[in-house]
Amino acid sequence: MNTHTAPPTGRRKITLPQLRAETAGGVPLSPTSPGRAVAAFKRAAVALGVPRRVVDLVDCLMSYSPAQDWDGGPGLGPIVWPSDAELEDRLCVGPSQRKVIVRAAMDAGFVRLRRSPTGKRWGHREKSGRGGRILDAYGFDLAPLAERMGEFERLATEWEAQRDEGRRLRREITSSRNHILSLVDLAAAQDLVGTEWAAAAAQADTLWRERGSQRDPLSLVPIAARLRALGVHVQEQVATALAAVEAVKNVPTGPEYRPHLTTTTQLPTAIAHTSGAIPADPANQAGPDRPIADTEAGPGA
């Protein structure tokens with residue numbers, strides 16, 4: 001391991017990320033507007049994981065760059081030269097924080113530094129004010145924002161699509177879980193026999209909690225798929241149990257389906273086997289102690 005420490009030289013250090021960013025740059029500037037360039041950068045900042053302080057720095061630097069520096073015309077392009085004190089005031093940071101933020105922006109390739117022989121930042125335009133072309137300048141070169149604008153817009157579009165898909169999956173997960181719990185409530189209310197309803201509800205709750213605060217579709221897709229499969233299973237079990245209950249309710253119970261009952265009170269044998277016989281009047285029945293009644297009444301009767 002090299003433990004040699006170079007003596008201080010007063011020159012600005014160049015990091016490997018800065019060297020790679022400067023080597024990759026230098027392409028002709030396509031005409032655009034500063035508003036579109038910074039908007040593309042801000043849209044992609046979340047997808048790129050850009051710290052908020054770096055976004056604030058780029059936004060601050062862009063405020064020093066007029067529209068004519070972005071039209072692809074003659075001149076050095078979008079170079080700005082605010083002092084360190086201005087940046088610290090605008091960003092509400094101290095010197096150490098300002099250095100860290102500037103280095104992070106340069107390492108990420110969002111800005112390049114056009115270095116002067118004296119190490120100072122300065123610039124001259126064709127005429128006073130912000131209306132003229134830059135004749136000479138040393139400071140922060142914002143051309144990478146225009147050079148990478150297509151990349152920023154593509155990343156932002158992809159990230160927004162992923163974000164929308166993540167939101168959709170989160171809604172689906174919640175909807176599937178609620179549907180399962182509603183099915184379990186129905187099964188409990190109807191006293192259905194079948195799947196362990198409480199276990200199914202607990203599993204749905206567990207899967208729902210696994211989503212946490214995740215927004216990445218890659219993490220949410222498996223959870224949504226498992227809940228979807230569980231919902232299909234529970235719904236099939238509820239439908240089967242309900243069909244069984246309905247089958248029991250629909251068993252025929254009419255008189256023709258009742259078992260035949262044999263009466264225990266038998267008719268007298270003579271009557272049961274006499275077709276059309278009518279029992280005689282007990283008053284006309286003769287017995288050992290009762291004479292037969294006279295069927296004709298006499299004149300003196």
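**Overview: surface exposure and elements of the chain.** Throughout these legends a residue is called buried under 20% relative accessible area, exposed over 50% and partly exposed in between, using a 1.4 Å probe and protein chains only. The structure is a predicted model, in which local features need pLDDT of at least 70 and side-chain atom pairs count only at pLDDT 80 or more, while totals for chains, interfaces and linings use all residues. Residues are numbered from 1 along each chain as its sequence is written, and side-chain values use heavy atoms, with hydrogens and water left out. The chain contains ten helices and four strands, these being DSSP runs numbered from the N terminus (helices H or I, at least four residues; strands E, at least two). Read from the N terminus, the order of elements is α-α-α-β-α-α-β-β-β-α-α-α-α-α. Buried residues make up 31% of the 301 residues of the chain. Among contacts (heavy atoms within 4.5 Å) with a separation of 6 or more, 76% join residues 24 or more positions apart.

**Close-up of the packing of helices H8 and H9.** Helix H8, residues 197–210, packs with helix H9, residues 217–249, at an angle of about 160°, and their axes are 10 Å apart. The axes are lines fitted to C-alpha atoms over the stretch in contact, and angles run from 0 to 180 degrees between N-to-C directions. H8 and H9 are therefore roughly antiparallel to each other, a term used for angles over 145 degrees. On the H8 side, the contact is made by Trp197, Ala200, Gln203, Ala204, Leu207, Trp208 and Glu210, and on the H9 side these meet Ile223, Arg226, Leu227, Leu230, Val234, Gln237 and Val238. Of the residues in this contact of H8 with H9, ten are nonpolar, two are polar and two are charged (nonpolar: Ala, Val, Leu, Ile, Met, Phe, Trp, Tyr, Cys and Pro; charged: Asp, Glu, Lys and Arg; polar: the others, Gly among them).

The structure holds four aromatic pairs, counted where the ring centres of Phe, Tyr or Trp (its six-membered ring) lie within 6.5 Å. One of these joins Phe41 and Phe152, whose rings are 5.9 Å apart centre to centre with 65° between the planes, an edge-to-face arrangement (planes over 60 degrees apart). This pair links distant parts of the chain, since Phe41 belongs to helix H2 (residues 34–48) and Phe152 to helix H7 (residues 149–189), 111 residues apart.

Arg98 lies in helix H5 and counts as buried, at 11% relative accessibility. When its neighbours within four places in sequence are left aside, Arg98 is in contact with Asp84, Leu87, Glu88 and Val93. Val54 is 44 residues from Arg98 in sequence, and the C-alpha to C-alpha distance of the two is 9.9 Å.

Cys92 is found in the loop between helix H4 (84–91) and helix H5 (95–107), where the residue is exposed with a relative accessible area of 65%. The loop between H7 and H8 holds Asp191, and Asp191 is exposed, with a relative accessible area of 65%.

Methods. Angles under 35 degrees count as roughly parallel, over 145 as roughly antiparallel, 65 to 115 as roughly perpendicular and the rest as oblique. Rings of Phe, Tyr and Trp (its six-membered ring) pair if their centres lie within 6.5 Å; planes under 30 degrees apart count as stacked, over 60 as edge-to-face and the rest as tilted.
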